[in-house]
Amino acid sequence: MSRSVLVTGGSGALGGAIVRRLRRDGDDVAFTFRTGREAAEALAAATGAHAFAADLTDAAQVRRMVGEVRGRLGRIDALVNNAGSAQALPFALIEERDWDEVLAANLKTMFLVTREVAREMVARKGGAIVNIGSLAGHRAFEVPVHWATAKAGVTGFTLALAQEFGRFHIRVNAVAPGLLDDGVGRMVPERAAADFVAHCAGGRRGTTAEVADVVAFLLGDDARYVNAQCLCVDGGI
Amino acid sequence: MSLDPSGAQRTYYETVSMCPTCSELVPGRVVGRPDGVFVARECPAHGPFEGLVCSDTAWFEGLGRFDVEPVRPGHPRATAAAGCPRDCGLCPEHRQIAGTAAIEISNRCDADCPVCLADNRGTFELPVDEVRAMVDSLLAAQGFVDALTLSGGEPTMHPDILEILAALDRPEIGRVVLDTNGLRIAEDDRFLDALARRRVMVSLHYDGSGARRLRGVSAEVQERALARLLRWGIPTAPLVLAVRDVNDGELGTIVASLLTRSPAIQSVVVSLMAYTGANGSRFPGDPRRRLTIPAALELLDGGSAGNLGRRAFIPLPMPNPVCAAIGYFLVMDRELTPLIPLADVDDVVHYLRNMNFARDDGGLERLLRDGVDRVYAHPEAYPDSERLLRKFRDLLCTLFPQGRPLEADRRRAVVEERVKVVYLIQFMDPWTFDSVRLSKCSCQHLMPDGRIVPSCAYYSYHRRLDPRFAPAAAPARGEGA
């Protein structure tokens with residue numbers, strides 16, 4: 001039986017790769033988008049996934065969106081919390097509104113969506129959640145401090161939720177990509193990118209497809225004994 | 001350095017200078033007094049002369065901080081026998097590679113600028129292959145050059161100008177600059193279409209109300225040429241010639257309005273009058289009262305709300321720091337924010353050492369980051385620091401918009417739109433000729449015979465020895481007898 005999966009932030013580079021990979025596995029997939037309507041519609045048309053527009057920082061919109069997804073898919077077996085955004089600002093230029101915005105886009109969205117989706121997982125006593133973090137939440141990198149803070153928060157969110165939901169047989173894991181060749185990775189200056197590659201055992205940037213493969217693994221039965229983990233997909237740093 | 005017995009004058013160094021009347025080379029001294037720094041010399045035939053080098057003695061005496069260790073030429077083309085500037089080629093005594101190399105691709109011109117540094121007799125047009133060979137020869141010696149300037153004569157009159165530009169589109173040349181009076185650009189749409197497809201920056205003469213007196217063309221023609229370059233989106237660096245008592249009162253207004261006018265204007269060059277060349281040596285005015293860089297900076301300050309003043313500039317570490325100054329400006333919402341005052345001067349000097357144009361090597365980004373941190377850490381030192389930080393924030397948010405990263409080329413274009421450069425340059429002429437200063441010159445002319453000659457030596461000494469400018473030289477093709 002195919003799974004029903006909700007992927008947040010599906011219109012971006014990594015979200016799109018995850019949607020494509022899950023569709024290739026035969027999953028029934030819904031994804032959300034906020035600004036990239038054209039990309040979202042193209043992805044939906046290309047993959048047969050279902051696109052839903054929502055501002056995930058707004059609890060009412062999240063509730064409406066999850067209701068619509070359930071109406072379309074019937075149920076939600078698995079959730080990929082991928083939505084987020086970044087600002088390339090040094091610490092001196094981060095304003096209060098930037099801090100609030102980036103933490104909301106990367107963490108509050110994760111909380112609100114999970115709160116709505118997990119209700120039926122708890123009731124059903126089963127499910128899988130994968131949260132997208134970043135290597136920058138674990139190691140020292142030249143990245144915006146508010147974004148790294150949010151990505152470090154993903155790890156805490158994952159660990160505590162896995163502990164709390166363990167008794168409901170809901171696995172909660174995180175994936176922490178290193179530098180990728182698309183998405184946020186395209187905002188990294190060439191000099192910093194070269195520095196990453198020089199310290200990467202794999203000797204190159206990763207691809208969004210390689211991260212999507214790991215997400216698919218963590219959602220599947222092959223990972224049934226993998227829980228409360230944060231898997232770094234970084235080529236070996 | 002030595003003081004005269006009265007203590008009112010000090011001698012910084014001995015040099016070789018030139019008689020402004022007969023152009024003979026004569027021994028000279030660079031001396032400082034409270035009223036400025038001068039090259040003093042005495043011609044056996046025409047008596048003593050002094051030429052003003054710098055109107056601010058303290059500025060001159062502070063230049064040591066900017067006098068960085070040069071990059072020496074690897075392959076001298078001449079021997080050091082007769083002494084500077086006779087041995088040019090370059091000779092082993094020359095201390096600096098070319099930052100800007102210039103090729104006079106013809107000596108035909110459709111204008112007759114009263115200030116012209118050249119000598120437009122219509123006697124030659126360099127074939128494309130010869131231009132290519134001259135550049136090959138330069139690059140074989142030094143591998144890379146920040147800028148290659150095509151001048152003349154009027155280079156846009158060269159029948160193969162577009163082929164020459166295509167031949168120079170190579171990675172070892174930072175930028176190709178086309179130095180023009182703008183007459184063709186003001187009229188020829190097809191030429192502009194072709195220029196827009198080439199990798200070129202146009203250095204357009206743009207002199208404000210002084211256009212007619214200085215260039216013999218009207219300010220309206222210069223303005224028309226500029227407007228058309230901008231309409232075609234061609235990178236443009238207006239070249240403003242600044243002359244005492246001609247257009248010095250409007251310098252600040254001209255430069256400030258150019259910097260905020262269009263994304264296509266990436267830099268503005270203010271060139272201070274040099275009294276040399278066929279026409280320039282006869283231009284009316286007193287070379288001893290000439291504009292020098294510190295005085296020009298004071299003038300820039302007026303008309304620019306104080307944003308283009310001295311604190312916004314530093315002497316350019318390459319070439320000799322007495323020859324040029326540079327300022328960086330953030331342009332947002334038609335406001336100019338000088339960036340030099342945000343930086344540690346020694347860091348800027350380190351970054352700019354031995355280059356004429358900023359390179360895309362992360363150095364400028366580091367300087368900006370340091371500047372941001374400095375304003376953040378010392379808000380009391382920067383008026384309106386919160387607003388200043390917000391400007392940088394907005395710039396970065398433009399460069400890195402959320403959710404849709406810009407391609408690197410587009411990011412570079414945004415930086416060029418928002419971060420502008422102003423250069424002040426001061427060529428030497430027979431009044432200020434100084435072989436010691438010349439020995440660190442990084443603006444160098446390429447000769448068809450493979451020699452490389454510092455531009456100031458060419459303008460004031462070597463051009464008259466160049467057989468292409470001999471009275472009996474044959475006219476160029478297309479020229480009447």
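**An arginine at the chain boundary**

Author: Arg393(B) counts as buried because its relative accessibility is 7%; buried means under 20% relative accessible area, exposed over 50%, and partly exposed in between, using a 1.4 Å probe and protein chains only. Before going further, keep in mind that this is a predicted model: local features need pLDDT of at least 70, side-chain atom pairs count only at pLDDT 80 or more, and totals for chains, interfaces and linings use all residues. Residues are numbered from 1 along each chain as its sequence is written, chains are lettered from A and ligands numbered from 1 in the order in which they are written, and side-chain values use heavy atoms, with hydrogens and water left out.

So who does this arginine pair up with? Within its own chain, Arg393(B) makes a salt bridge to Asp394(B), with 3.3 Å from N to O; the term stands for a side-chain nitrogen of Lys or Arg within 4 Å of a carboxyl oxygen of Asp or Glu. Asp394(B) is partly exposed, at 30% relative accessibility. Through shared partners, salt bridges link Glu95(A), Arg97(A), Asp98(A), Arg390(B), Arg393(B) and Asp394(B) into one network. Side chains of opposite charge can pair when their charged atoms come close.

Now step across to the other chain. Arg393(B) also has a salt bridge with Asp98(A), where the closest N and O atoms are 2.4 Å apart. Helix 4 (residues 96–124) of chain A gives 3 residues to the side of chain A that touches chain B, the largest share; helices here are DSSP runs of H or I with at least four residues, strands are runs of E with at least two, and both are numbered from the N terminus. Sorted by class, that side of chain A has 10 nonpolar, 3 polar and 7 charged residues. In this sorting, Ala, Val, Leu, Ile, Met, Phe, Trp, Tyr, Cys and Pro are nonpolar, Asp, Glu, Lys and Arg are charged, and the others, Gly among them, are polar.

Next, the boundary as a whole. Chain A puts 20 residues into the contact and chain B puts in 18, with contact meaning heavy atoms within 4.5 Å. Together the two chains bury about 1,800 Å², 53% of it on carbon and sulfur atoms. On the chain A side, Leu93(A), Arg186(A) and Met187(A) lose the most area to chain B, together making up 31% of what that side buries. Buried area is the accessible area (1.4 Å probe) that two parts lose on being put together, summed over both. Between chain A and chain B the salt bridge count is 4, while a search over all chains of the whole structure gives 47.

Back to helix 4 of chain A, which also holds Glu120(A). Glu120(A) is buried, since its relative accessibility is 14%. Apart from neighbours within four places in sequence, Glu120(A) touches Arg70(A), Arg75(A) and Ile76(A).

Elsewhere in chain A there is another charged pair to look at. Arg21(A) and Asp213(A) meet through their side chains in a salt bridge of 2.8 Å, N to O. Arg21(A) sits in helix 1 (residues 13–24) of chain A and Asp213(A) in helix 7 of chain A, so this pair ties together parts that are 192 residues apart in sequence. Asp213(A) is partly exposed, at 33% relative accessibility. Helix 7 (residues 208–219) of chain A also contains Val215(A). Val215(A) is buried because its relative accessibility is 0%. Leaving out neighbours within four places in sequence, Val215(A) is in contact with Ile18(A), Val80(A), Val130(A), Ile132(A) and Val175(A). The C-alpha atoms of Val215(A) and Leu22(A) are separated by 9.0 Å, although these residues are 193 apart along the chain.

Asp384(B) lies in the loop between helix 10 (363–377) and helix 11 (385–399) of chain B. Its phi is near 60 degrees, a positive value in a residue other than glycine. Most residues other than glycine have a negative phi. Asp384(B) is partly exposed, with 47% relative accessible area, whereas Arg393(B), where this tour began, is buried.
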